[in-house]
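Hi everyone, thanks for coming. Today I'd like to talk about charged side chains and who pairs with whom. Let me put the model up.

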Amino acid sequence: QVQLVESGGGFVQAGGSLRLSCAAFGRIARIDAMNWYRQAPGNQREMVAGITSDGAADYADSVKGRFTISRDSAKDAVYLQMDNLKPEDTAVYYCNALMATFPGWEDLNAWGQGTLVTVSS
């Protein structure tokens with residue numbers, strides 16, 4: 001069993017900042033990529049940012065220059081610093097991790113429960 005636990009969502013005015021956190025717990029053998037996705041009402045889930053095990057990061061064009069993804073491999077954790085937030089960033093944000101699990105090093109695509117970010121204009 002593996003669980004991804006997210007925190008840090010909330011309500012903020014446009015131009016403000018929030019920091020999302022996500023930690024993985026359970027029978028984890030290895031975590032490869034860790035990602036943040038978001039889903040706004042009526043929209044499909046989209047990838048916001050991702051980071052590989054060696055620290056290479058990638059971002060959606062809509063958040064480049066405003067969001068920063070980082071990870072702490074010792075804690076099996078990933079973070080998303082969101083600055084200069086805009087109303088269009090309002091969505092449920094999901095943590096995602098691609099990993100191998102014990103006992104047999106099975107591949108797992110794990111998801112968190114989601115955390116709501118609301119940005120007012």
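Which residues are linked in a network of salt bridges? They are Arg38, Glu46, Arg66 and Asp89. By salt bridge I mean a side-chain nitrogen of Lys or Arg within 4 Å of a carboxyl oxygen of Asp or Glu.

Before going further, a word on the source: this is a predicted model, where local features need pLDDT of at least 70, side-chain atom pairs count only at pLDDT 80 or more, and totals for chains, interfaces and linings use all residues. Residues are numbered from 1 along each chain as its sequence is written, and side-chain values use heavy atoms, with hydrogens and water left out.

Let's start with Asp89. Its salt bridge with Arg38 has the closest N and O atoms 2.9 Å apart. Arg38 sits in strand S4 (residues 28–39) and Asp89 in the loop between strand S8 (77–82) and strand S9 (91–101), so this pair ties together parts 51 residues apart in sequence. Strands here are DSSP runs (E, at least two residues), numbered from the N terminus.

Asp89 also bridges to Arg66, with 2.7 Å between the closest N and O atoms. Arg66 is in the loop between strand S6 (57–59) and strand S7 (67–72), 23 residues from Asp89.

Now, accessibility: buried means under 20% relative accessible area, exposed over 50%, and partly exposed in between (1.4 Å probe, protein chains only). Asp89 is buried at 0%, and Arg66 is buried at 8%.

Elsewhere, Arg30 and Asp32 meet in a salt bridge at 2.8 Å, N to O. Arg30 is partly exposed at 34%, and Asp32 is partly exposed at 27%.

Key
Helix = DSSP H or I, 4+ residues; strand = E, 2+ residues; numbered from the N terminus.
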